[in-house]
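Dear colleague,

I am handing over the structure below, which you have not worked with before. Please look through it first, and then read the notes that follow.

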Amino acid sequence: MSSPETPNAVLPAGAAGIAAPRRPVALVAAHGDLAAGLRSAVHQITGHGALLDVLSNRDMGGAEIERAMREKLAAADAFVVFTDLPAGSCALAARRVQRDRPDLTVVTGTNLGTLLDFVCAAEGACDGDVLTPEGARAAAARAVQRGQVALTQVPGAPRAG
């Protein structure tokens, strides 16, 4: 079975009940250890953390992030990049990559709810062992809608005086 520590490991057939896909289908790129933390939480909840590859922008400039992102996307043949901030360095790098890869879907403002829905939807969108660009785009669109719903405010009462 995969673990968050071995995100790129190819899972054996039937591992953790996963029929397909068996490799990362999306990249989570974020500041510090956020991407690894999100993948760890996805894995803990669903057992499908290996479907996400991660990239930290720590100690990297824009060109380095873009290069690392291109390498990871090519290695996984992934069609979706999730980033933390809409105008952060990871999102900007993803949009530069998207210029050369119009089939790439970029999702910004990613939260745990979004990723949970994506990994579950991605399995259903697979054609055999392959997540197609269309399937990835549909899974990402559904995940964004559900992730937005997960973001709510529960206001507390004012403190007594």
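**What was found**

Glu 66 lies in helix H2, which covers residues 62–76; helices here are DSSP runs of H or I with at least four residues, strands are runs of E with at least two, and both are numbered from the N terminus. This is a predicted model, in which local features need pLDDT of at least 70 and side-chain atom pairs count only at pLDDT 80 or more, while totals for chains, interfaces and linings use all residues. Residues are numbered from 1 along each chain as its sequence is written, and side-chain values use heavy atoms, with hydrogens and water left out.

Glu 66 counts as buried because its relative accessibility is 16%, where buried means under 20% relative accessible area, exposed over 50%, and partly exposed in between, with a 1.4 Å probe and protein chains only. Leaving aside residues up to four places away in sequence, Glu 66 touches Ala 93, Arg 96 and Val 97, a contact being heavy atoms within 4.5 Å.

As for the chain as a whole, there are 5 helices and 6 strands, and from the N terminus on the elements run β-α-β-α-β-α-β-α-β-β-α. Of its 161 residues, 45% count as buried.

Strand S3 pairs with S1 in the parallel sense over 3 bridges, two strands being paired if DSSP finds at least two bridges between them. Within this pair, Phe 82 of S3 is the bridge partner of Val 28. S3 is also joined by 3 bridges to strand S4 (residues 105–107), and these two run parallel, with Val 81 standing opposite Val 106 in S4. From S3 the chain crosses through helix H3 (residues 89–100) to S4, and this β-α-β crossover is right-handed, in the sense that, with the strands pointing away from the viewer, the path from the first strand over the helix to the second runs clockwise. In a regular strand the side chains alternate between the two faces of the sheet. In S3, Val 80 and Phe 82 point one way and Val 81 and Thr 83 the other way, and all are buried.

The buried residues of H3 are Cys 90, Ala 91, Ala 93, Ala 94 and Val 97. Seen down the axis of H3, they fall within an arc of 160°, so they line one face of the helix; the arc is that of the directions from the helix axis to the C-beta atoms. What covers them includes S1, H2, S3 and S4.

The largest nonpolar core has 25 residues, and those with the most contacts inside it are Val 28, Leu 52, Val 80, Phe 82, Leu 115 and Phe 118; such a core is a set of buried Ala, Val, Leu, Ile, Met, Phe, Trp, Tyr and Cys residues joined through side-chain atoms within 4.5 Å. Its largest share, 6 residues, comes from H4. A second, separate core of 15 residues includes Ala 29, Leu 55, Ile 65 and Leu 104.

Finally, in helix H5 (residues 133–150), the buried residues are Pro 133, Gly 135, Ala 136, Ala 139, Ala 140, Ala 143 and Gly 147. These fall within an arc of 145° when seen down the axis of H5, so they line one face of the helix, whereas Glu 134, Gln 145, Gln 148 and Val 149, on the other side of H5, are exposed.

With best regards

Methods:
Expected span 1.5 Å × (residues − 1).
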